[in-house]
Amino acid sequence: MPPEPVLPVGEEVPLSAGRCPSLLVTSLPGRDSWAFEEASDTVLSADPRARVEATRYRGVFAVYSSKDPYYISSRFALYIHAFVAWVLPVLGCFRDLGELARSAPRPPEPVSLEVRLREPLKRRVGEGAVVRALAEAGLRPAKGSELVIFVESLEDLLLLSYGRKVSCGPSCAALVRP
């Protein structure tokens with residue numbers, strides 16, 4: 001049985017204390033406020049009680065909802081989003097790279113791997129270390145697959161996302177249930 005994430009998805013505590021969002025949305029460069037509006041419209045149409053919050057990182061928005069993250073991410077594919085870059089359903093948040101690697105899905109077909117790390121975690125954990133940890137745990141990434149495992153950092157947390165990549169606009173991609 002895989003280990004449990006260090007924080008349950010959607011846990012209601014301050015982000016500085018390590019709250020785990022249910023979805024992460026990123027904007028195209030320089031389009032933060034427009035992307036925030038697009039993301040808010042789509043998220044709130046799926047869950048009127050959800051919250052979309054700007055993080056301390058420019059163009060990165062955390063979504064907190066009690067709805068299934070895949071349900072919300074699939075809603076992005078219903079509309080054209082001109083300013084959103086990525087929509088990532090969060091499977092779990094981890095403080096330990098080994099725990100993240102052991103919790104990563106192991107699909108039978110090849111998957112693409114995307115890693116985006118930000119300060120302060122970027123100083124302690126490099127992208128190469130993430131790729132090595134996932135490889136040691138049995139994941140074999142392959143370029144060009146529409147199945148994607150995405151590892152993002154937010155504050156001191158590693159966020160794990162997985163899904164099938166679909167278009168949600170000219171430069172927008174969302175991960176939906178595989």
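Tryptophan 34 is exposed, because its relative accessibility is 55% (exposed means over 50%, buried under 20% and partly exposed in between, with a 1.4 Å probe and protein chains only). This is a predicted model in which local features need pLDDT of at least 70 and side-chain atom pairs count only at pLDDT 80 or more, while totals for chains, interfaces and linings use all residues. Residues are numbered from 1 along each chain as its sequence is written, and side-chain values use heavy atoms, without hydrogens and water.

## Aromatic pairs

Rings of Phe, Tyr and Trp (its six-membered ring) pair if their centres lie within 6.5 Å; planes under 30 degrees apart are stacked, over 60 edge-to-face, and the rest tilted. The count by this rule is three aromatic pairs. One of them, tilted, joins tryptophan 34 and phenylalanine 83, with 5.0 Å between centres and 50 degrees between planes. These residues are 49 apart: tryptophan 34 lies in helix α1 (residues 32-46), phenylalanine 83 in the loop between α2 (69-76) and β4 (84-89). Helices (H or I, at least four residues) and strands (E, at least two) are DSSP runs, numbered from the N terminus.

Tryptophan 86 and phenylalanine 150 form an edge-to-face pair, 4.8 Å centre to centre and 65 degrees between the planes. Tryptophan 86 is in strand β4 and phenylalanine 150 in strand β7 (residues 147-154), 64 residues apart. Tryptophan 86 is buried at 10% relative accessibility, and phenylalanine 150 is buried at 1%.

## Helix α5

In helix α5 (residues 127-136), Val130, Ala133 and Leu134 are the buried residues. They lie on the same side of α5, because their arc around the axis covers only 95 degrees (taken from the directions from the helix axis to the C-beta atoms). Arg132 and Glu136 are exposed on the other side of α5.
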